[in-house]
Amino acid sequence: MSVIALDQKAKVARPVKETAEARALRETSPGQWFPYAAPQTQERDTRENAFSFRGISRKFGDKTVLDNIDLDVPAGQFIAVIGKSGCGKSTLLRLLTGLDKPTSGTLTVNKGTEGENRTRIMFQEPRLLPWAKIAKNVEVGLTGIAKGKEAREKSLAILDEVGLADRAEEWPSVLSGGQRQRVALARALVAHPYILALDEPLGALDALTRIEMQHLLESIWQQQAFTAVLVTHDVAEAVALADRVIVIDHGRIALDLDIPLERPRRHGSPELARLEGKILDTLFGGTD
Ligand SMILES: Nc1ncnc2c1ncn2[C@@H]1O[C@H](COP(=O)(O)OP(=O)(O)OP(=O)(O)O)[C@@H](O)[C@H]1O
Ligand SMILES: [Mg+2]
């Protein structure tokens with residue numbers, strides 16, 4: 001069955017396939033959901049998709065890591081991807097960002113309005129160039145897009161947004177781990193990507209720095225309106241940041257859950273805890 005769910009960010013209704021978890025959420029949260037079933041033939045919303053996976057599989061030898069994945073992500077959505085270690089999360093991001101090719105299926109990635117493939121990826125390690133100063137490291141994200149004075153101006157502007165304007169002429173080695181990750185975020189965002197893929201970008205940070213980075217990421221995402229695909233092991237982080245969480249298990253999407261909560265969200269609120277419970281049930285087998 002399909003239902004029409006209210007997308008809080010875009011303020012539009014859109015049809016989604018109703019999972020058992022979604023049905024339970026609808027029944028326990030009247031008001032967040034439109035109380036009628038959509039006809040099967042109803043078209044998806046008219047907004048463009050940032051990307052679509054159609055029957056995507058990825059095998060390594062005889063091991064099927066991703067198995068016939070269908071996934072449509074509307075432009076501007078913040079989606080989190082959760083799953084046990086080795087379930088294929090990084091593989092999914094590598095396919096999305098063109099670093100790997102599917103074994104079968106069709107992957108359509110929208111290249112954004114400027115016709116360039118502005119998809120960027122950020123990893124758990126900042127991967128900065130140790131021999132280049134901070135501003136120069138950020139300019140790496142503009143390779144082929146801008147250079148010289150223009151690149152420097154863009155680099156300084158985004159460094160300002162991540163709170164590091166005064167560190168532009170320093171070496172990466174003198175920054176803290178959290179600051180280096182902010183430089184990596186600036187480098188990923190300096191070209192204003194259409195899609196930003198994040199592979200556990202906050203995984204190595206301490207708890208307080210991590211919460212600060214979550215706020216920073218959320219506020220820049222709200223300003224720049226890119227499509228964010230966040231792989232994380234942290235269920236609390238996923239429900240705090242994302243519009244939608246998918247859980248991957250045995251190569252398939254085991255749960256596709258909308259997070260229809262207003263922002264800013266409060267860590268530890270009962271609504272977030274309830275959604276976290278649903279995700280944990282899927283991961284560890286507490287659901288029907
Ligand atoms: N290039 C490769 N060649 C062979 N096997 C691979 C390759 N890349 C990934 N795999 C396998 O695919 C599976 C999924 O790997 P992937 O890195 O996507 O997992 P993950 O969900 O990101 O795990 P983690 O949470 O530990 O980062 C693993 O079993 C891994 O060994
Ligand atoms: Mg991984």
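Let's start at the ligand. Ten names matter here: around ligand 1 sit F60, V65, G83, S85, G86, C87, G88, K89, S90 and T91. "Around" means a C-beta atom, placed from the backbone, within 6 Å of the molecule. This is a predicted model, where local features need pLDDT of at least 70, side-chain atom pairs count only at pLDDT 80 or more, and totals for chains, interfaces and linings use all residues. Residues are numbered from 1 along each chain as its sequence is written, while chains are lettered from A and ligands numbered from 1 in the order written.

The shell splits into 3 nonpolar, 6 polar and 1 charged. Here Ala, Val, Leu, Ile, Met, Phe, Trp, Tyr, Cys and Pro are nonpolar, Asp, Glu, Lys and Arg charged, and the others, Gly among them, polar. Helix α2, residues 89–96, contributes the most, 3 residues. Helices are DSSP runs of H or I, at least four residues; strands are E, at least two; both are numbered from the N terminus.

Now the sheet. It is open, with 6 strands ordered β8-β9-β10-β6-β11-β12 and mixed pairing. Pairing takes at least two DSSP bridges. β8 (119–122) and β12 (252–258) are at the edges, each with a single partner strand, so one side of each has no neighbour in the sheet. Strand β11, residues 244–249, runs antiparallel to β12, with 6 bridges between them. In that pair, V247 faces L255 of β12.

Back to α2. That helix packs on the sheet, touching β6 (78–83), β8, β9 (195–199), β10 (227–231) and β11. Touching means C-beta atoms, placed from the backbone, within 7 Å.

Conventions: Contact = placed C-beta atoms within 7 Å. Axes fitted to C-alpha atoms, helices over the stretch in contact; angles between N-to-C directions.
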